[in-house]
Amino acid sequence: MTRSVYLHDIPLAEAQHALQSALRENGLWAVLGKEELPLSQHLAGRVLADAVWAINSSPHYHASAMDGFAVRAEATSAAMPTTPVALQCEDDAKYVDTGDPLPGWANAVIPIENVEALDTDGNMAKNPRAPQQVRIRAAVVPWSHVRPMGEDIVATQLVLPAGHTLNAFDLGAIAASGHQTAWVARKPRVAILPTGTELVPIGTPLKAGDILEYNSLVISGQLQAMGAEPMPQPITIDDLDLICQRVKDASANCDMVLLNAGSSAGSEDFSSRVVERLGQLLVHGVAVRPGHPVILGMLKRDDPLRPMIPIVGVPGYPVSAALTVEIFVEPIISQWLGRPAAQPESLEAAITRKTVSPPGDDDFVRVVLGKVDGKMLCAPISRGAGVITSMVRADALVVLPRGVQGVDAGDTVTVRLIKPRAELEQTIFCIGSHDVILDLVAQFLAAKGRRFVSSNVGSQGGLVALRRGEAHLAGSHLIDPDSGEYNIKFIQQYLPDVPVRAVGLVMRQQGLIVAKGNPFGLHGLEDLTRADVHFINRQRGAGTRVLLDMHLAKAGIGHSAVNGYANEEYTHLGVAAAVASGRASCGMGIPSAAQALGLDFVPLYQERYDLVIPHRHAESALLQPLMDLLNDDAFRKAIEQLPGYDTGVMGKVTYES
């Protein structure tokens, strides 16, 4: 029997081996079963359990490939433009439509447009398809315009092998080879049990402490795409006996159980105890991030044909849950269906910023991709295990193996593609300052055949990325405290040798994002020095932080006087979320971010937000839709519907080098 491995943080390969060994011991590392189904469009995507061998040839007779006249090729050998050959119909020539069988004596077809259809007197026949004779002015070779018997399929030949995933064309080939049904692998049935007293179904009005249960929806979609049959179950509260009963009930009618949440350490950690009570615990804790508290085990059930089935304890955080399914469940599903395991396409890319990784874990880093100056680049995005939108935005995953403590900016890494490679060729890569209207840019450009991908590293970080050739453009709003001018000094400082064009996007308000009703009564920067006020700042290099520092200096307020000055967020929405959650009393940001989360806004300053674009990109075909967008009335109107924006500067060149 497989040894129980109740170890924390065991290597990924060892955890996978433990589960696969248990499946092999129980005869579960093979196709689960097969079923014969009638040919229909519903078989597309199913996996063949048996090879398909042709019963019939296709075509099963010599068929005409054109509308025309079936002839003996030898009878046309003397035909020339100046000395045509006349053939009597029925004896030497017979009209056939496309697909008609050839007469036994014929071995070629002459298209109707290449013959002269004549009556008995040698005049043009009234019905060109029923003449008395045809005149031919060019010889044809045997089997011209003929589909010979077995041209497509020959009886007894292999049409499709077992393990092949069927597509629409395969269905046609199976039918053409003489079959009316196909034997396909039975879909594995996978039960999904969400657990947690704090969980509520989709559509429930949310109150503090509620967590919307949508992991089942995500996992069901993953399983369906893999070819399995998802069986989502109702939410179960944190009650050990109740969870055990629900797991036992579900296991009686499925091939695998996914027990979602409750697998991390804590007072309500029931998942491992459920597996120990109902079967065999193999692994609790795998050295992989996200997805650390994975549980792997086998469940006992009252079925002599299949007394054990696998159970996977899936972490509750959405990204951890999704990756756990891809890493541990997909290989099992592929075995049960008899198809090869998924092998995502991979390629090499340069990572745009330093990324630290836990040395003892396989770290799955989500990245966005773009090609700049012919070089593929990847930029890490949010690494939070609960940030489901990071999987929406991600183009690929970078796996930093255990023992590696991270990579430096510019290092080459291998990325596993999530999105199709073709999309990457139409990607505009923007690195720099965050603004919510960049989402509008992405929306409008999608209709023009471009993907707009942004990575929020702050204005200075964006200019540095342009200097390194790591982006097509950067959003920037860096103010020079001495001149009050935006961006020019910093462009000259960071990009002295790169010809660029700065183009105005918007004038926008900056101010304090505060809770609804402004409960702290905040009106200006001087209020940030109050003991009861907790501030949330932007990261170093962000234009918003540069603006704040300039005005703090003018007001004679030191950084140490601001409670929370060292606490940082990377986006305006991140600042707004910190205020909405009560983690901060206020933060510097833009009104559209406050509006997005139902907060109030105290306007303080107006600033210009530019797009800084190297000349070689500004004049490229890739960015032409973006340049056109800056003169699009519908785009302007969409921005003007958001609070705090003025589009008067949009499209105007504010600096050129």
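User: Is Asp255 buried or exposed?
Analyst: Asp255 counts as buried, because its relative accessibility is 2% (buried is under 20% relative accessible area, exposed over 50%, partly exposed in between, with a 1.4 Å probe and protein chains only). The model is predicted, so local features need pLDDT of at least 70 and side-chain atom pairs 80 or more, while totals for chains, interfaces and linings use all residues. Numbering runs from 1 along each chain as written, and side-chain values use heavy atoms, without hydrogens and water.

User: Which side chain meets that of Asp255 in a salt bridge?
Analyst: The partner is Arg186, with 3.0 Å from N to O (a salt bridge is a side-chain nitrogen of Lys or Arg within 4 Å of a carboxyl oxygen of Asp or Glu). Arg186 is in the loop between β12 and β13 and Asp255 in the loop between α4 and β17, so the pair ties together parts 69 residues apart in sequence. Arg186 is buried too, with a relative accessible area of 15%.

User: How many salt bridges does the structure hold?
Analyst: There are 31. Among them is Lys34 with Asp50, whose closest N and O atoms are 2.9 Å apart. Lys34 belongs to strand β1 and Asp50 to the loop between β1 and β2, so this pair ties together parts 16 residues apart in sequence. Lys34 is partly exposed at 45% relative accessibility, and Asp50 is partly exposed at 26%.

User: What about Arg421 and Glu345?
Analyst: Their side chains meet in a salt bridge of 2.7 Å, N to O. The pair links distant parts of the chain, with Arg421 in helix α8 and Glu345 in the loop between α6 and β22, 76 residues apart. Arg421 has 35% relative accessibility and counts as partly exposed, as does Glu345 at 39%.

User: New topic: which residues of α1 are buried?
Analyst: Leu12, Ala15, Ala18, Leu19, Ser21, Ala22 and Leu23 are.

Methods
Helix = DSSP H or I, 4+ residues; strand = E, 2+ residues; numbered from the N terminus.
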